[in-house]
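I open this notebook to record what I looked up in the structure shown here. The entries begin with a pair of facing residues and then widen to the whole chain.

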Amino acid sequence: MTTNHDIKMVNPSVEFPCAEGEFVLTAMQRSGLNVIDVGCRGGGCGACRIQVVDGTYSRRRMSRAHVSEMEELEGVALACRISPTSPLLIAIAPPAVQELFSE
Ligand code: FES
């Protein structure tokens, strides 16, 4: 039996279910929400950066160009690469520092 977890986003305020093993970005889109930017869907473009404020999750490989090791430790993640293992509280994360200075 699949376990579903509630994903609450604070900016904007929305909530949607996500199954363990399902990517947060996929679940958001399945719920008809378009509140996170979507790009490659493969962990390579950084469009879907989020901050996990509370909760636990499993993750697949994410581009270090878009999520540094320190950011990852602080809960920054790519929504297309993480699956919840508990309910999650998330927010849209600001762009990676290196992206602010690239042309
Ligand atoms: S959509 Fe490209 S990293 Fe998530």
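Predicted model: local features only at pLDDT ≥ 70, side-chain atom pairs only at ≥ 80, totals over all residues.

**Entry 1**

Residues are numbered from 1 along each chain as its sequence is written.

I took helices (H or I, at least four residues) and strands (E, at least two) as DSSP runs, numbered from the N terminus. I then listed the contacts of Ile50, with two residues in contact if their C-beta atoms, placed from the backbone, lie within 7 Å. Leaving aside neighbours within four places in sequence, Ile50 is in contact with Ile36, Ala77, Ala79, Ile90, Ala91, Ile92 and Ala93.

**Entry 2: The sheet**

I followed strand 3 (residues 49-54) to its partners, counting two strands as paired if DSSP finds at least two bridges between them. Strand 3 runs antiparallel to strand 7 (residues 88-92), and 4 bridges join them. Val52 has Ile90 in strand 7 as its bridge partner. Strand 3 also pairs with strand 5 in the antiparallel sense, over 3 bridges. There, Arg49 has Leu78 of strand 5 as its bridge partner.

In what order do the 5 strands of the open sheet lie? I read the order as 2-1-7-3-5, with mixed pairing. Strand 2 (13-19) and strand 5 (76-78) are the edge strands, each pairing on one side only. From one strand to the next, the twist averages 35 degrees; angles run from 0 to 180 degrees between N-to-C directions, and axes are lines fitted to C-alpha atoms, for helices over the stretch in contact.

**Entry 3: The nonpolar core**

I classed a residue as buried if 20 or more other C-beta atoms lie within 10 Å of its own, exposed if 12 or fewer, and partly exposed in between, with C-beta atoms placed from the backbone. A nonpolar core is a set of buried Ala, Val, Leu, Ile, Met, Phe, Trp, Tyr and Cys residues joined through C-beta atoms within 7 Å. The largest such core has 23 residues, and those with the most contacts inside it are Val24, Leu25, Ile50, Leu78 and Ala79. Strand 1, helix 1, strand 3, strand 5 and strand 7 each give two or more residues to this core. Helix 1 supplies its largest share, 4 residues.

**Entry 4: Loops**

I found a cis peptide bond between Asn11 and Pro12, with omega about 5 degrees. Pro12 is in the loop between strand 1 (4-10) and strand 2.

Arg41 lies in the loop between helix 1 (24-30) and strand 3. Its phi is near 65 degrees, a positive value in a residue other than glycine. Is Arg41 buried or partly exposed? I recorded Arg41 as partly exposed because 17 other C-beta atoms lie within 10 Å.

Arg64 is in the loop between strand 4 (57-59) and helix 2 (69-73). Arg64 counts as exposed because it has 11 C-beta neighbours inside 10 Å. From Arg64 to Gly46 I noted 9.5 Å, C-alpha to C-alpha, at 18 residues apart in sequence.

**Entry 5: The whole chain**

I counted 3 helices and 7 strands in the protein, in the order β-β-α-β-β-α-β-β-β-α from the N terminus on. Buried residues make up 29% of the 103 residues. Of the contacts with a separation of 6 or more, 57% involve residues 24 or more positions apart.
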